[in-house]
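Here are my notes for you, point by point. Have the structure open while you read, and click on each residue as it comes up.

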Amino acid sequence: MSTAIEEHVNSTGVDNKKLMMWIFLGSDCLFFGSFISTYLVYRNRSLAGPYPNEILDIPITTVSTFVLLMSSLAMVLAVSYVQRGSQVIGRYWTLATALLGLVFMGFQVYEFSHFAHLGLTPRTNIFGSTFFVMTGFHGGHVTFGVIWLVIFAISRLAESLKQKLLIIGSVFSVIIAMAGTMMTHTLDVIPNIPSAVAYSVFGIGLIGTIGSLYLLKTSDTQNIESIKKEEGNLELAGLYWHFVDIVWIVIFTVVYLISANDGAPLL
Amino acid sequence: MTSKLPKYLALFSLVWVFIISCSPQHQQSTFANAGPVAQQQSNLYYLMFWIAALIFVLVQGALIFALLNFRRREKPIPGSDFTVPDIPPKQVHGNTKLEIIWTIIPALILIVIAVPTVQTIYDTYQPPEDSDPLEVVAMGHQWWWEFRYPDEGIVTANELFIPTDRPIRITLQSQDVIHSFWVPQAAGKKDTVPGNTNVMWLQIDEPGNYSGQCAEFCGVAHARMRFRVIAEEEADFNTWMDAMKTPPKMDTSDGYGLFLAHCSMCHSIDSYNEGSYEKELTMQDERWDDWYFNQEESVRVSAPNLTHLGIRSMLAAGQKDMTKENLITWIKDPSEFKQGTRMQSVASVYKGGPAKLEDHEIEAIADYLLAQIPDGWGVVKTGGETEEEVEAVVWNTPEEHGEYLFVNQGCAGCHSLNEEEVIVGPSMYGLYDRSGDKVPGLSAEEYIYQSIVYPNEYIVEGYPANVMPQIFINLSEEELQALVSYLKTIE
Amino acid sequence: MTTISYPTLIPRPKEYVSGVWSWLTTVDHKKIGTMYGVIAFFWFLVGGIEALLIRIQLSGPEGKFLTPEVYNQVFTMHGTTMIFLVVMPLSAAFFNWMVPLMIGARDVAFPRLNAFSLWAFLFGGILLNISWFTGEAPNAGWFAYAPNTEVPFNPKNGVTYWILGLQVLGIASLAAGFNFLTTIINMRAPGMTFMKLPVFIWMTAVVNVLIVLAFPVITVALIQLQFDRLYGTHFFNPVMGGDPVMWQHMFWLFGHPEVYILILPAMGIVSEVLPTFSKKPIFGYPFIVFSGIGIGFLGWFVWSHHMFTVGLGPAANAAFSISTMLIAVPTGVKIFNWIGTLWGGSIRATPALLFSIAFIGMFVIGGLSGVTHAAPPSDAQQQDTYYVVAHFHYVLFGGALLGLWSGIYYWWPKFTGKFLNEKIGYLHFTVVLIGFNITFFPMHWLGLDGMPRRIATYPESMGWEVSNLVASLGSFILGFGVLIFIYNVIYSRKGPKNAGNDPWDGRTLEWSIPSPPPHYNFETIPEVKYRDDFWYKKYPELANESHGGGSGSEEDSHGESHSEPHMPDPSYYPLFLGLGMSIMIGGFIPFTGHWIVCGVGLAIFIWSFLGWCYEPVND
């Protein structure tokens with residue numbers, strides 16, 4: 001904010017924004033807590049199928065969970081490198097966090113459309129209602145985090161227009177690659193796509209990703225001190241990101257581990 | 001002075017208001033206890049009230065005393081123009097001993113309240129174990145009450161007959177939204193929650209007529225969702241119970257046909273029959289499902305059972321006395337007594353407005369309903385006509401007989417005779433021509449016959465099932481044949 | 001830095017000293033507080049008119065003044081308005097004005113976020129009330145019990161307006177909650193440790209903790225209800241296995257802390273007014289503070305006492321009954337400490353003090369009747385009757401609103417530099433108190449006499465006529481009392497600015513600066529040694545006999561002064577962010593073409609969000 005406010009000596013020594021982020025996360029705990037409690041209360045109350053044991057694909061979700069966990073690791077490294085004033089590596093890890101988050105979202109898109117194909121929508125039964133709304137709002141949080149990190153990388157960690165475009169390019173390439181993957185793997189959702197086309201789309205995306213990331217390695221000389229100044233802001237994003245990650249671990253435990261065997265209610 | 005005045009005035013007005021309103025014992029007073037449950041609840045309230053009154057006097061007294069006694073004193077010094085300066089009083093910051101005292105004393109008082117509270121919770125939860133409670137199911141509907149006696153196989157509405165001096169265990173359910181069953185003189189309320197089943201009990205010691213009301217906001221006619229509990233001596237209650245299982249005197253008036261045509265899709269009226277209890281439960285669910293899932297298109301919704309309506313004392317969920325005049329007004333335009341009824345918005349005879357019936361038709365229905373009195377029921381409570389005119393008519397042909405039945409049994413209420421016109425069910429125009437190939441193996445006559453007697457065996461495409469009442473099985477063989485011959489002629 | 005997404009379409013306004021734009025773009029907590037107050041007072045009048053409509057309808061049996069449908073809309077909107085558009089924002093007006101002044105700060109931690117809260121509150125209120133003009137006002141009560149709020153039973157858009165309006169208001173409250181908590185934790189003047197905070201600040205902190213933790217719960221419940229209504233999910237639909245009781249749990253898990261969100265600010269105000277006008281420190285400061293925290297904490301474990309008749313079983317009812325009774329203990333401690341504060345004081349009975357005294361008196365009545373429905377068997381007779389209506393009006397009107405009025409009379413000189421006329425103030429006080437009691441006291445009796453709440457009318461012969469008529473007459477006296485207050489405000493505006501910095505011989509920091517305060521509040525950030533620091537600066541000799549503040553400050557003197565403090569510039573973005581968000585959320589109401597409206601809102605939202613993020617900080 002502005003000077004008079006910033007100059008004010010903080011009573012606790014914690015930056016105002018960081019303090020507010022913690023308060024926000026406390027509030028968000030109750031937000032997800034409410035969704036998760038609803039899910040738990042409504043376990044085994046669906047009056048019609050498909051039930052969790054017929055539809056949940058634990059191996060795939062385990063992979064996506066692993067991806068999200070790795071993004072948290074990337075986030076830690078990003079903050080750490082930015083703290084040390086290393087622009088290039090810090091930028092790579094920031095971007096890696098965002099791209100891994102994007103991949104996680106890809107898994108969710110796949111999962112949602114796959115479930116819909118198997119006949120589970122929010123309208124089907126109470127499991128569908130609780131599952132889609134809860135994981136959907138979590139996905140919304142991840143998406144917001146991805147956008148935040150990408151914009152942060154573009155505006156604070158890149159200098160030239162070329163670098164900014166490369167960052168955007170890498171994001172779109174990952175999206176294209178994911179689209180290609182989905183075309184190859186779930187042909188029942190998007191019918192009538194020749195696999196050759198699908199593989200080409202995937203290939204284009206992959207090449208785009210690798211290419212843009214490779215080209216990003218060149219660095220403009222940026223003042224180390226000015227990069228270090230961004231550390232506080234990146235840390236805010238980091239707090240948020242780790243929180244969203246932890247929430248997913250809880251959701252994963254509750255939905256995919258605890259209630260994976262839930263079938264028709266024993267009335 | 002100015003500051004004292006409002007206090008006194010306020011206090012005075014409170015006392016005044018209290019006195020004028022306290023005196024009479026009103027019909028829904030929570031203090032006019034008619035049974036043990038309400039009595040225990042009141043006792044707990046009295047305990048808390050007197051404790052609260054004591055605390056009230058002490059705290060308000062201390063407050064007013066402090067306000068009056070510790071006013072700032074700017075006394076003029078006698079004989080001069082100066083006043084004593086406003087010296088800050090002694091700066092007291094607190095007193096730990098006091099704090100502990102006034103933390104512990106309220107806590108102790110609360111224990112005095114909490115112990116009987118918990119005891120009463122458990123005492124009023126279930127009827128006493130050695131008692132033999134009467135089982136009753138109370139279902140809240142928008143906006144009337146259905147009462148079932150599962151052990152007796154009786155269904156009735158808006159008037160709950162119970163024996164005195166016997167616990168009544170009430171199972172509370174709802175099909176639509178949350179309501180709350182409350183008879184203040186007998187017991188505190190409990191909600192009827194759709195999807196959940198609640199249980200409460202009550203007992204009434206003195207015979208009488210007790211007023212009850214839905215206490216949970218349930219939509220537009222919430223204020224009109226009242227009911228009666230009629231407590232009677234065991235013997236009188238048993239008389240009533242037996243009467244409920246006795247059919248009324250046979251009635252073949254015009255009203256019967258009109259009732260069948262316009263009312264019988266939702267209102268059952270024959271719960272004195274063997275097996276009608278189970279049928280009513282199923283029908284009520286079907287009617288409700290039909291409304292819930294079809295909404296605007298629906299012509300049915302769950303509705304009060306009207307069996308032996310003639311012996312009820314109130315109509316429209318406790319709104320008005322059961323007189324012919326009121327009943328006619330009610331049938332003509334329900335919104336006169338109760339706005340927003342499902343009857344008026346759903347039934348095809350209303351569809352939102354006043355009934356599309358002639359005055360004499362409405363009167364005929366009212367007469368018919370008021371004549372629903374168990375055969376041999378001693379007292380006729382209403383101004384319904386007691387002398388029935390039985391016409392002895394001789395039919396020249398079965399077709400003529402069938403035509404009479406078609407109108408008087410209510411078929412004409414749903415089935416038109418013109419091409420393309422659909423009232424509720426399919427038009428009868430050209431029925432015979434298309435009946436032959438409906439069901440393989442059935443001739444046109446057989447098909448028509450079956451559709452009258454067992455309407456759900458075959459449903460014409462585009463029409464919902466379970467709409468046509470399955471009551472024409474009660475017609476005699478001769479009457480059925482007459483109907484079939486008549487229907488064959490419509491071309 | 002050359003960024004590609006640098007929306008400089010609207011530059012940050014340099015300086016709007018006066019005029020409409022100075023209000024629309026302001027980030028000054030005092031102006032924002034004033035606007036909160038004015039807007040909330042407007043809604044108070046709207047809610048009051050709704051209340052009068054209710055009382056006209058019920059003044060006699062078989063009332064025909066309103067149709068049942070309209071009656072349901074009116075009582076729903078009366079409750080919703082009074083809670084979300086009156087008491088909460090009036091409290092927020094005091095938070096805005098007083099928090100920075102009392103803790104010795106120049107503004108809140110996030111001035112633009114603060115402005116955003118205000119605008120979101122304004123547009124949320126408008127969104128909620130637009131429903132009147134489309135003829136579909138919410139009609140399911142402020143508690144919106146499912147399944148009466150589900151589409152089959154409530155096909156019109158009223159409940160959807162209610163859901164979305166509340167979402168916007170919830171976001172406004174949450175943003176304000178984050179802001180005030182950060183401010184209180186982080187922006188205190190040097191030396192002002194937590195145990196030296198004024199009690200009002202403590203209560204503000206507790207309230208905002210409650211807001212931050214309770215609003216997400218209702219947000220989720222509203223999302224679920226909205227999905228049920230608009231997208232066919234089954235959260236509260238018993239036909240598909242949903243449970244209507246779940247809505248009640250979530251609503252009251254929010255709703256009960258909400259009750260304390262409404263009452264604690266008034267308790268804080270009273271705790272400031274009483275010491276000032278009895279010239280004594282607050283009695284038992286730590287006990288007052290910790291009882292406030294205790295109330296806020298216990299408030300999370302009592303929600304099911306709103307559901308004693310739902311059928312949770314005897315064990316749950318007993319447990320929630322006892323936890324509810326426990327709350328009486330800290331509440332009692334507060335009341336006794338307030339009396340202790342008056343005791344032995346040198347009391348000046350100004351209108352502010354009288355309102356505070358009346359607060360205690362009325363709150364005691366409300367509290368005692370509250371205990372009688374903490375016991376489930378007794379509550380079974382009282383639940384959903386006028387007895388409960390009487391109870392919570394004694395707590396919310398007799399409590400919260402009288403407390404807030406006390407604050408208005410107390411701080412008005414600080415807000416404007418002028419006094420509110422004292423004589424008119426006494427008249428206002430007298431009429432309001434009498435009208436209030438005549439209106440609501442008979443309702444106790446009505447409830448015990450079996451009159452349920454939320455009934456549009458009642459038949460003759462129930463014996464409720466007299467009490468209802470008395471209550472209706474009282475409500476007009478009460479309405480007249482409000483008119484006197486308006487007259488007082490208008491009358492006092494003409495008076496001279498003669499209040500001075502410290503008209504009441506105050507105790508806390510806000511009285512050490514000019515009235516009205518300059519936009520930077522404190523020329524020099526004060527250094528605090530004692531609780532009630534300003535008082536002991538005025539009367540150093542009293543400091544010795546006190547043990548209230550401890551000696552000196554542990555954290556010493558890094559708050560040096562700036563003679564020309566530079567305050568944040570105004571900004572357009574809070575206004576547009578609030579507008580865009582409200583349009584976007586309003587666009588979910590399913591009228592024809594609503595997605596276009598939603599899209600327009602989204603566009604404004606994104607544009608102003610980016611604009612906000614990239615707005616240059618001006619140093």
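1. Let's start with a spot in chain A. A:N44 is partly exposed, because 16 other C-beta atoms lie within 10 Å, and the cut-off for calling a residue buried is 20 or more. Keep in mind throughout that you're looking at a predicted model.

2. To find A:N44, go to the loop in chain A between helix 2 (16–41) and helix 3 (52–55).

3. Now hop over to chain B for another case. B:A317 isn't a glycine either, yet it has a positive phi of about 55 degrees. This residue sits in the loop that runs between strand 11 (314–315) and strand 12 (320–321) of chain B.

4. Is B:A317 buried or exposed? B:A317 counts as buried because it has 25 C-beta neighbours inside 10 Å, and 20 or more is what the label asks for.

5. Next, have a look at the peptide bonds. The one going from B:Q142 to B:W143 is cis, and its omega is near 0 degrees. You'll find B:W143 in the loop between strand 1 (134–141) and strand 2 (144–149) of chain B.

6. Chain C has a cis peptide bond for you to check too: C:A146 and C:P147 are joined by one, with omega at about 0 degrees. Where is C:P147? Look in the loop between helix 4 (111–133) and helix 5 (158–186) of chain C.

7. Zoom out for the layout of chain B. It is divided into domain 1 (27–63 + 95–245), domain 2 (254–370) and domain 3 (398–488). Taken over C-alpha atoms, the centres of domain 1 and domain 3 of chain B are 50 Å apart.

8. Finally, a word on confidence. The pLDDT of chain C averages 89, and 93% of its residues score at least 70. Residues 1–7 of chain C are below 50, and that stretch has 11 contacts in the model beyond near neighbours in sequence. Residues 547–562 of chain C also have a pLDDT below 50, with 31 contacts beyond near neighbours in sequence. For the model as a whole, the scores are ipTM 0.91 and pTM 0.88.

Conventions
Residues numbered from 1 in each chain as written. Chains lettered and ligands numbered in written order. Predicted model: local features only at pLDDT ≥ 70, side-chain atom pairs only at ≥ 80, totals over all residues. Domains from an automatic or database assignment. Helix = DSSP H or I, 4+ residues; strand = E, 2+ residues; numbered from the N terminus. Buried ≥ 20, exposed ≤ 12 C-beta atoms within 10 Å, placed from the backbone. pLDDT = per-residue confidence, 0-100. Contact = placed C-beta atoms within 7 Å.
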